Amino acid sequence: MKVKRRNMLSAEECRIVHEGSCRLLEETGVETENTEAKEIFVRHGASVQNGRIRIPRTVIEEFIKKTGKRIELGAKNARYAFTIESGLPVNFFGTGGQALYIVEKKDDGFEKRPAGSGDLERILRLCEQLENVDFVTRPVEPDVPDDEMDLEKTRIFLRSTTKHMNLANLIQKDKLPAILKQVNDRSLVSFISCVCISPLKLAGGTVEKFLRIVGEDIPVAISSCPQAGLTAPLSELGEIMQVNAEVLSAVILANMVRPGARLFYRGIPITTNLQEDVSPRWCQPDSIRRVSLITDMTHFYGIPCCGTAAVSDETEPTAQAVSEKTLSWVYEAAGGAALINSALGMLERVMTVSPEQYIIDDRILGAVKHLFDAYEDKPTSELAEEAVVQALDMFGLKADGGGREEIRSRIRFVETKREEYSADAVQTQIETITKAVLSGKSSNIFLKASRSGLRKGLLYSGKKIEGPLDLTEIERKKISLDASRDR
Amino acid sequence: MSQILEDIKKNLIAGRVDSEDEGFDEEMTGQPGVTELVAKALEENITPSDILTSALTPGMEEVGKLFEEGEYLVPDMLASAECVAEATKILKPHLVDSDVKNKGIFLIATVEEDLHDIGKNIVGTILYGSGYEVEDLGTSIKAQAIVDAVKRTNAPYLGLSALLTSTMNHMKEVIDLLKEAGLRDRVTVCVGGAPISEEFAEKIGADLYGEDAFNIIHKLENRAQAN
């Protein structure tokens, strides 16, 4: 989908975030147990002080610039192949997640059960037939022992889809040559590496796998997913600075190993349910805002963006899920994320997928794409409101009165800046983050520091959009798609 | 109640550990927090027992009530629990000869191959603030090492945390090793973490599943009363 990109951060605000992230990398540094990574950093101008790798500004900026700007993603069916070029305003939507469960409609409601290999194949075959799925990222893992997982996953992908295959995480680094041999054409695959652990850490074992993937010149999305108030500051500025520093540290490392590395920047700064159980809030307006802000940073650097959208916090397909997913797609697409991962099928904060939800999401996405054309020159807020209204209407729900006001309230929240981006604010956040990483109990520091921000309304508090969804047509389509895949 | 005990309780409710804490009010920064006030109370010969029973415990009860009413959120609970934890550290040497009971050693650990410590850290602080002697074994701890710690400390409570589906099965490994070592009946095993559920806890033979720290504390208290 081609979009006219709409940024939420000004150029000056992007610069302020960049400055803050550079200071974090220079002064606080990142930690890793991986000796090879430390040696690589030091060889290229970083230093290790008190166990933390500190990267000078000049090194940061030198190696960010080297990142590959163009990534070709192949597919078994050539018409599904596509190219990502930094700066080109095109979105591609794909699946994602590492769900544990599958929830599916039965006679008396939705039934939840653990997901496995059979579900992986079924979902891939389902998505093969969905028009708005441009690429597939592993939705669930096969239920086989760890040392069989990589190759079994690849086998299932190869027989189930002709679209680009993002295999997500590499389970065992030594399996990479066998995977590449299995696929034969290495342009057919890419990976995601959850190499960053917030705050400011590169996970030792994952770094090894990341370096192998980079070494083989396979495209890889560098993922960091902090939770504001728990593993990052509740402050929007603080969280964006931190996640930016985390992803950049891996970008820098990759380019030290392989200049021109083909990387996607996948920062996912979400918030936390600080009211109840500290669970992640993936799809609330506060998270939608922050995930959209980080796409502006990817454009600032010219690094291809792998965004994340539509991971609903709901446990099954509901009106609330429809409304929050639609808002999430609009803002992520409007921000110009090239790949938009996890965009279909996901529920319960990445824990669950649903065959019905894939079909629902595919249908809504089609309408959202049309709206981007129709509303090209109108404010994003109008596009977003119309998108949510239309999405609910598809399933028999009219958004009027209180429902319409709730939609507008969420949109206002997404678009409203609540903090100043200033040198003083940057300093405050650097002090909080540094105190957290050096304390050994970072979650306690971030939680305590979030108290005033909570009272200033940094987390959205609104009403759920409720009402029964008419899924008759969805169920019919599910049956038809399941039957088609079996032929 | 003496003024200083009132002040300890008030600052505990505000979650102010020391004078650098602003609590809810930036104006409070610079004024004594719980640790300074507890130290002063001891200097004024107020007994540790009085400090605990007249200030810390009722303060934490008030915080619990505010949380249940939705007035206080998780960070507020944590800030107050930290106050109790830090105050308890100051009182500990003075409690040896007192009649205040320690609820017992509570070992906590994140299981092997799992580096997540968020839940464990929060739970540990709140347990400490509730009167348990918490020993945090850390993250990515092998099952045998956990069992060895149970044997070494004779801990009556063990809390296991896992955030990944790929690591949660190490919890069963710990329980099996406890059985082999003849320790299973001596320790209450509590499990928690994002992928964990009541069903999973039952399946692996854990004693309690905790959605959060307060849930575990309530369940332990109910168990103690039932026994």
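Predicted model: local features only at pLDDT ≥ 70, side-chain atom pairs only at ≥ 80, totals over all residues.

Guide: Residues are numbered from 1 along each chain as its sequence is written, and chains are lettered from A and ligands numbered from 1 in the order in which they are written.

The assignment for chain B gives domain 1 as 3-95 and domain 2 as 105-226, with bounds that come from an automatic or database domain assignment. Taken over C-alpha atoms, the centres of domain 1 and domain 2 of chain B are separated by 27 Å. Helices (H or I, at least four residues) and strands (E, at least two) are DSSP runs, numbered from the N terminus. Nonpolar covers Ala, Val, Leu, Ile, Met, Phe, Trp, Tyr, Cys and Pro, charged covers Asp, Glu, Lys and Arg, and the others, Gly among them, are polar.

In the contact between the chains, 17 residues of chain B meet 18 residues of chain A. Two elements of chain B, α4 (74-95) and α5 (118-129), each give two or more residues to the side that touches chain A. Here too α4(B) gives the largest share, six residues. That side of chain B divides into ten nonpolar, three polar and four charged residues.

The largest nonpolar core has 222 residues, of which Val220(A), Ile222(A), Ala250(A), Val251(A), Val330(A) and Ile8(B) touch the most other members. Such a core is a set of buried Ala, Val, Leu, Ile, Met, Phe, Trp, Tyr and Cys residues joined through C-beta atoms within 7 Å. A residue is buried if 20 or more other C-beta atoms lie within 10 Å of its own, exposed if 12 or fewer, and partly exposed in between, again with C-beta atoms placed from the backbone. Helix α8 of chain A (residues 236-257) brings the largest share of this core, 13 residues. For a view from one member, leave out residues up to four places away in sequence: Val251(A) then touches Ile64(A), Thr67(A), Ile222(A), Leu263(A), Tyr265(A) and Ile303(A).

Helix α12 (residues 380-394) and helix α13 (residues 402-415) of chain A pack at an angle of about 145°, with axes 10 Å apart. The axes are lines fitted to C-alpha atoms over the stretch in contact, and angles run from 0 to 180 degrees between N-to-C directions. This crossing of α12(A) and α13(A) is right-handed; a crossing is left-handed if the near helix is turned anticlockwise from the far one by less than a right angle, and right-handed if clockwise. Ser381(A), Ala384(A), Glu385(A) and Val388(A) of α12(A) meet Ile407(A), Arg408(A), Ile411(A) and Glu415(A) of α13(A). These contact residues comprise four nonpolar, one polar and three charged.

Met394(A) lies in α12 of chain A and counts as partly exposed because it has 17 C-beta neighbours inside 10 Å. Apart from neighbours within four places in sequence, Met394(A) is in contact with Arg363(A) and Ile364(A).

Finally, some backbone details. Most residues other than glycine have a negative phi, and most peptide bonds are trans. Ala168(A), however, has a positive phi near 65° and lies in the loop between β10 (164-166) and α6 (176-183) of chain A. Ala168(A) is buried because 24 other C-beta atoms lie within 10 Å. Asp217(A) has a positive phi near 60° and is partly exposed, with 13 other C-beta atoms within 10 Å. A cis peptide bond, with omega about 0°, joins Ser198(A) and Pro199(A), and Pro199(A) lies in the loop between β12 (196-197) and β13 (201-202) of chain A.

Conventions: Contact = placed C-beta atoms within 7 Å.
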